[in-house]
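Trainee: I would like to learn how to read a model of this kind, one feature at a time. Could you take me through it slowly?

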Amino acid sequence: MAAVQDGPMELDAEKETKPEILSDGTSNLSGNTASGTLSSSPLTAAPAGGAPKMEDQQTLIAVLQFLKRNKLTDSVEILRREAGLGEDQEDSLATDGSGGGKGDGDGGDAHSLLSRVSITSAVAPQNMPVKRADDQPDVSVVLSAYSQQGDPSLYQVYYSGLKNFIESVLDCHRAELSQLFYPLFVHMYLELVYNNHENEAKAFFEKFSGDQECYYQDDLRVLCGLTKKEHLKGNEALLDFRTSRFVLRISRDSYQLLKRHLQERHNNQIWNIIQEHLYIDIFDGMPRSKSQIDSMSGSLAGEARREVNKAKVFYGLLKEPEIEVPLDDEDEEAENEEGKPKKKKTKKDSLGSKSKKQDPNAPQQNRIPLPELKDSDKLDKIMYMKESTKRIRLGPENLPSICFYTFLNAYQGLTAVDFTDDSSLLAGGFADSTVRVWSVTPKKLRKVKSAADLNMIDKESDDVLERIMDEKTASESKILYGHSGPVYGVSFSPDRNYLLSSSEDGTVRLWSLLTFTCLVGYKGHNYPVWDTQFSPFGYYFVSGGHDRVARLWATDHYQPLRIFAGHLADVTCTRFHPNSNYVATGSTDRTVRLWDVLNGNCVRIFTGHKGPVHSLAFSPNGKFLASGSTDGRVLLWDIGHGLMIGELKGHTDTIYALKFSRDGEILASGSMDNTVRLWDSMKAFDEVETDDFTATTGHIHLPDNSQELLLGTYHSKSTPVTHLHFTRRNLLLAAGGYNSQ
Amino acid sequence: MAEERRQKLCSVILPTESMKAMAESVGVGSLQEDSCLALSEEVSYRIKEIAQDALKFMHHGKRRKLTTGDIDHALKIKNVEPLYGFQSQEFIPFRFASGGGRELHFYEEKEVDLSDIINTPLPRVPLDVTLKAHWLSIDGVQPAIPENPPPVPKEQQKTDSTEPLKAVKPGQEEEGSIQTKGQGASSAEVKGKEKMRMKPRSTHELSVEQQLYYKEITEACVGSCEAKRAEALQSIATDPGLYQMLPRFSTFISEGVSTFMNYIYLLMLLFLLASVTWLLQPVRV
């Protein structure tokens with residue numbers, strides 16, 4: 001009953017660690033500062049209760065050693081007196097302790113104990129601040145859990161015994177229990193490697209690696225390189241596996257069956273691994289079928305626990321600010337000439353009434369403080385409304401036109417593209433560290449005049465905004481220099497005054513599109529930043545990178561407001577929810593997570609991808625999320641219920657671009673296989689029956705209807721699709737760099 | 001099948017000989033076999049690790065090819081000093097000289113005549129990145145323009161070009177479809193699966209003038225009048241408006257070739273091949 005025991009304990013640990021993390025006062029949001037950073041910290045997994053007395057003493061010794069090393073002599077004495085320990089006793093115990101780890105140096109073992117001490121903070125609260133300085137999961141403490149071992153030659157026997165058992169059980173249980181194969185295989189292999197049984201490990205790997213599901217091939221490739229204990233230290237893949245318990249969902253019947261089998265055979269080795277390294281989420285009811293399991297598995301740490309996806313998510317849209325649409329005389333006249341002024345008015349009314357209704361699923365208007373609308377924003381909103389009245393209604397019978405922007409002579413260097421919301425500007429990030437901005441309308445890009453020239457301008461004049469621009473600098477494109485590595489992400493601010501770019505050099509840069517200079521370099525990731533995006537309301541932006549965290553920033557703070565930590569591998573893409581209250585991140589650990597901007601909590605974990613997730617898109621109504629990965633599949637998610645609701649198969653390579661049409665009827669996907677595909681998203685969402693049973697158990701039946709949902713496939717000659725964008729009138733814009741060979 | 005997969009996953013390590021060679025290159029002469037083995041295992045593991053990281057950079061660079069830059073970046077995130085010295089063309093750039101009891105190593109630098117450098121024309125500047133827009137689809141239909149891939153799938157094109165007589169003519173759509181069903185069920189299937197929304201193949205009617213021109217040219221090509229033939233060949237080589245008629249010419253030539261091959265009519269064959277060379281003038285390509 002691993003599940004039952006562990007629940008409360010982990011929660012406690014989380015509570016403990018929360019206040020220490022990130023108490024920087026830069027947050028200007030209401031509520032507490034960022035948290036959740038340590039929610040999956042490995043330390044929580046270390047033994048906390050029920051440890052034998054010997055271990056307690058060892059812990060004490062470790063604390064003493066630590067204090068000594070830091071010259072805290074007073075504390076040493078006090079602690080020693082309280083524990084009633086003599087100095088000799090300490091020494092003898094210390095040597096005892098190090099004797100436990102075979103061939104491991106004294107220092108290493110003491111160190112591992114030390115780091116274990118840091119969680120059992122009740123013992124030595126005074127050393128807390130020092131130890132907290134590095135909250136990195138410590139490899140040696142993580143690994144030390146592997147030190148107990150059985151006879152290495154029996155591992156194959158154990159494993160094949162279990163395999164035979166699982167293959168002989170009833171069909172309905174077999175699929176569920178087969179989930180055990182992969183995590184057990186990995187842990188047993190790592191245990192062998194950790195205990196220096198290199199040859200046994202190799203034999204074990206060769207014998208059983210062929211049995212694993214095909215979507216674990218990438219991980220197995222990493223694993224087969226690991227053959228020595230030294231390799232384990234500092235290996236991220238391993239840390240990920242060990243720090244997070246692999247989550248399996250198994251029905252109660254199957255679990256009982258497994259438990260009985262293991263107890264009958266006295267197969268403690270496997271039972272220990274299940275108890276220590278796996279998290280078995282037991283549910284009542286029918287066992288799941290093979291296809292049901294396959295659709296949800298594949299992530300680095302197994303499936304998401306059911307309770308993780310139970311939190312309420314306010315996925316509704318915010319109320320549109322009320323803007324009186326001024327009756328623009330000129331425009332009205334133009335409409336009059338066309339002879340349909342009345343029609344326009346009614347449309348406007350309908351739009352107005354629609355936005356006045358408050359969505360019951362929407363967050364409070366001020367849940368996240370949003371920047372106030374400027375006059376220029378209001379003008380833009382009006383433009384948006386006008387454009388949306390001219391929007392084409394799309395559907396299976398009415399497919400959008402696609403305009404493809406090809407980057408020529410980019411020499412495979414195009415790495416990121418973004419369009420402004422009004423489709424007037426296009427930005428490209430390149431591997432040569434430059435960011436280039438193009439105007440795709442006849443209006444050319446101009447810089448603001450120099451300070452001296454600006455002084456001479458009559459600031460009272462009506463066309464002052466026009467006058468500050470320097471005509472001499474007008475050109476179709478501008479180049480922004482500043483990064484020192486390939487630019488992996490670009491994003492325009494909604495007001496078109498700023499541009500963000502993230503790069504391999506570990507920074508996110510904010511550029512002004514008035515002066516075409518860099519304004520701020522946001523440092524913090526220190527490792528390559530794979531993606532960045534502005535909030536739909538501006539001011540905030542999110543970035544994610546190789547350091548496995550996503551960060552939320554505000555443009556006027558040089559430090560992040562929130563750190564979203566929990567992914568087990570690189571954060572590859574980041575997207576804001578349309579209401580700006582949530583952030584979705586996709587990762588190399590093959591999961592998609594949804595984070596609450598208000599408190600930094602992870603509110604959804606979506607598993608099911610079989611490869612790194614490289615693209616994300618929210619539906620315009622905020623209810624659904626689409627994600628695309630290297631395996632060429634698009635998965636659709638219901639955010640409110642936390643369920644997978646669709647799988648779109650068709651692409652043959654990584655999907656780098658996903659976008660919903662403005663009304664959400666069509667989902668467009670662009671891929672490395674040089675195609676743009678259009679999918680009927682309305683149909684995909686409608687066909688899902690979310691009855692109470694599926695909602696509570698999370699078991700899904702996916703209809704295999706990709707072919708019916710696919711509305712169109714459009715091949716380009718030799719241009720991978722890097723970005724997709726729907727204009728306000730629902731014309732689809734695609735962009736990519738031409739590959740000459 | 002399973003065997004193969006296992007083979008692929010087995011860990012491969014560098015041979016110990018290469019370790020020895022590398023050790024010698026840095027001046028370590030005698031390396032024991034055990035140390036070689038340990039080294040090669042460690043090195044192989046680290047190389048794999050770096051390659052795995054480099055792959056990430058390739059994916060994010062939206063490329064299919066791993067570049068040296070990716071490896072540099074992977075080294076950087078591992079905090080390894082980047083590799084220097086790739087620019088050197090030779091293995092060891094030093095030259096050795098001895099004389100007068102002294103031994104010298106020096107860089108060989110040749111004297112360069114400045115005026116030569118000044119007078120040589122500058123190399124061509126690589127083209128700058130440019131943006132080009134085209135319609136990938138109009139109301140869900142892919143227009144047949146040069147920027148888009150040909151509307152007919154490649155297999156279809158292949159059968160069309162290799163067996164022009166069997167090619168589906170607009171009039172005999174029914175017959176043709178049955179035929180292709182029999183032969184190339186797979187290609188038809190693929191087409192149906194992908195639900196290609198291609199423009200239906202339109203009949204390219206030639207104007208009366210073009211029909212006349214076609215007749216004249218074909219007759220001149222295989223006719224006996226040498227002057228006429230030269231003129232005709234000149235015309236098909238240079239005339240820019242032949243785009244529409246190109247398929248017809250190729251059909252004519254291929255049919256002609258297959259016919260004359262049978263009768264061993266070499267001269268005709270030569271004429272036809274001449275017309276091919278003229279058709280393939282760079283003007284058209």
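Trainee: Which residue is the bridge partner of Tyr405(A) in S3(B)?

Mentor: Before the answer, a word on the model: it is predicted, so local features need pLDDT of at least 70 and side-chain atom pairs count only at pLDDT 80 or more, while totals for chains, interfaces and linings use all residues. Residues are numbered from 1 along each chain as its sequence is written, chains are lettered from A and ligands numbered from 1 in the order in which they are written, and side-chain values use heavy atoms, with hydrogens and water left out. In general, strands of a sheet pair through backbone hydrogen bonds, either parallel or antiparallel. Here the partner of Tyr405(A) in S3(B) is Ala133(B), and the two strands concerned, S3(A) and S3(B) (residues 130-137), pair in the antiparallel sense over seven bridges. Strands (E, at least two residues) and helices (H or I, at least four) are DSSP runs numbered from the N terminus, and two strands count as paired if DSSP finds at least two bridges between them.

Trainee: How many residues of chain A are in contact with chain B, and how many salt bridges does the rule find across the interface?

Mentor: Contact means heavy atoms within 4.5 Å, and on that basis 74 residues of chain A touch 51 residues of chain B. The rule finds four salt bridges across the interface, a salt bridge being a side-chain nitrogen of Lys or Arg within 4 Å of a carboxyl oxygen of Asp or Glu. One salt bridge joins the side chains of Asp128(B) and Arg436(A), at 3.0 Å from N to O. On the side of chain A that touches chain B, the largest share, seven residues, comes from strand S3 (residues 402-408) of chain A, and that side divides into 33 nonpolar, 24 polar and 17 charged residues. In these classes Ala, Val, Leu, Ile, Met, Phe, Trp, Tyr, Cys and Pro are nonpolar, Asp, Glu, Lys and Arg are charged, and the others, Gly among them, are polar.

Trainee: What is the order of the strands in the open sheet that has S14 at one edge?

Mentor: The order is S14-S15-S16-S17 in chain A, with antiparallel pairing. Its edge strands, each pairing on one side only, are S14 (529-534) and S17 (562-565) of chain A. Within this sheet, S16(A) (residues 549-554) and S17(A) run antiparallel and are joined by four bridges, and Ala550(A) has Phe564(A) as its bridge partner in S17(A).

Trainee: Where do the two residues of the salt bridge between Arg729(A) and Glu387(A) lie?

Mentor: The closest N and O atoms of Arg729(A) and Glu387(A) are 2.8 Å apart. The pair links distant parts of the chain, 342 residues apart: Arg729(A) lies in the loop between strands S30 (723-726) and S31 (732-737) of chain A, and Glu387(A) in helix H20 (residues 375-389) of chain A. Over all chains, the count by this rule comes to 36 salt bridges.
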